Amino acid sequence: MRIVTVNVNGIRAAARKGMGQWLEQSAPQVLLLQEVRADSEIAAGLLPGYEAHVLPCRIKGRAGVAVAVREGSGVQVAQVRDGVARPGTLEPDVDSGRWLEADLVLPAGQQLTVVSAYIHSGEVGTPKMEQKYAHLELVDERMSQLFERAAAGGPQALMAGDLNVVRSEKDIKNWKPNHNKTAGVLDEEIAHLEGWFSQGWVDVQRQLTGPDAQGPYTWWSQRGKAFDNNTGWRIDYQVATPALAGQAQDFSIGRAPSYAERWSDHAPLEVSYDLES
């Protein structure tokens with residue numbers, strides 16, 4: 001089974017730039033999208049051949065996530081849940097459209113929970129940074145719940161998406177000028193991710209590349225020659241419970257051949273899982 005996660009940077013713009021051709025060629029069984037920035041009807045209409053579940057942001061033009069399964073693949077969506085707010089509370093508007101869970105039933109009958117996640121980008125020295133940390137604290141709690149459920153014999157889980165945080169100097173071309181100066185490269189942010197991995201969650205791409213590989217990256221700034229010079233960041237992840245991570249066979253990053261052929265500032269991250277083993 002092939003699972004792809006990608007930040008589309010606005011699904012309508014991505015569709016105009018060639019996302020549809022990519023999707024037709026790639027045709028993953030499960031597709032996780034972030035920064036959709038469109039309502040459910042519009043977004044679903046741009047994903048032909050897929051059963052799409054879309055969670056828009058309550059702030060128009062921002063965020064938005066989706067989980068889509070390919071029709072005829074044998075994968076069924078049993079239930080969806082949104083957000084990471086604590087019971088009895090409503091998430092703030094800025095957190096809306098950032099976390100969508102779907103319980104899937106696979107062709108052989110196994111159950112799998114997938115999450116499309118879009119963590120705040122943040123901005124040092126502004127309220128946006130505090131919003132990011134507050135959201136990450138709630139994500140930490142939900143990650144623990146999903147992990148404990150899987151460890152107790154429940155469905156395995158995959159949280160994937162644009163996390164807007166690198167883990168180390170191996171995940172960003174320009175580490176030194178950004179470390180502890182730029183959002184996404186702050187030790188306090190990194191500690192949240194490392195907390196998940198300390199619990200037992202697995203960074204699937206890093207598992208497959210090995211700990212010493214530089215990148216490969218999934219995001220490049222639209223400014224200057226970042227894409228041409230491969231001055232990138234690895235901020236898109238597939239984070240799996242251990243049993244699921246053990247079934248990961250290989251991965252690919254769909255980096256466009258040229259700047260002009262990009263349909264997003266992110267590249268799709270695809271992982272193949274042997275879910276029959």
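I counted a salt bridge wherever a side-chain nitrogen of Lys or Arg lies within 4 Å of a carboxyl oxygen of Asp or Glu. My search of the whole structure turned up 16 salt bridges.

Before going on, I noted that this is a predicted model, where local features need pLDDT of at least 70, side-chain atom pairs count only at pLDDT 80 or more, and totals for chains, interfaces and linings use all residues. Residues are numbered from 1 along each chain as its sequence is written, and side-chain values use heavy atoms, with hydrogens and water left out.

Next I looked up Arg206, which forms a salt bridge with Asp171, with 2.7 Å between the closest N and O atoms. The partners sit 35 residues apart, Arg206 in helix H7 (204–209) and Asp171 in the loop between strand S8 (156–162) and helix H5 (175–178). I took helices (H or I, at least four residues) and strands (E, at least two) as DSSP runs, numbered from the N terminus.

Are these two buried or exposed? I call a residue buried under 20% relative accessible area, exposed over 50% and partly exposed in between (1.4 Å probe, protein chains only). Arg206 is buried at 12%, and Asp171 is buried at 1%. Both belong to a salt-bridge network that also includes Arg167, Glu194, Asp203 and Arg234.

I then checked Asp93, which pairs with Arg58 at 2.8 Å between the closest N and O atoms. Asp93 is partly exposed at 41%, and Arg58 is partly exposed at 43%.

Last, I found Lys225 and Asp228 meeting in a salt bridge at 3.7 Å, N to O. Lys225 is exposed at 54%, whereas Asp228 is partly exposed at 47%.
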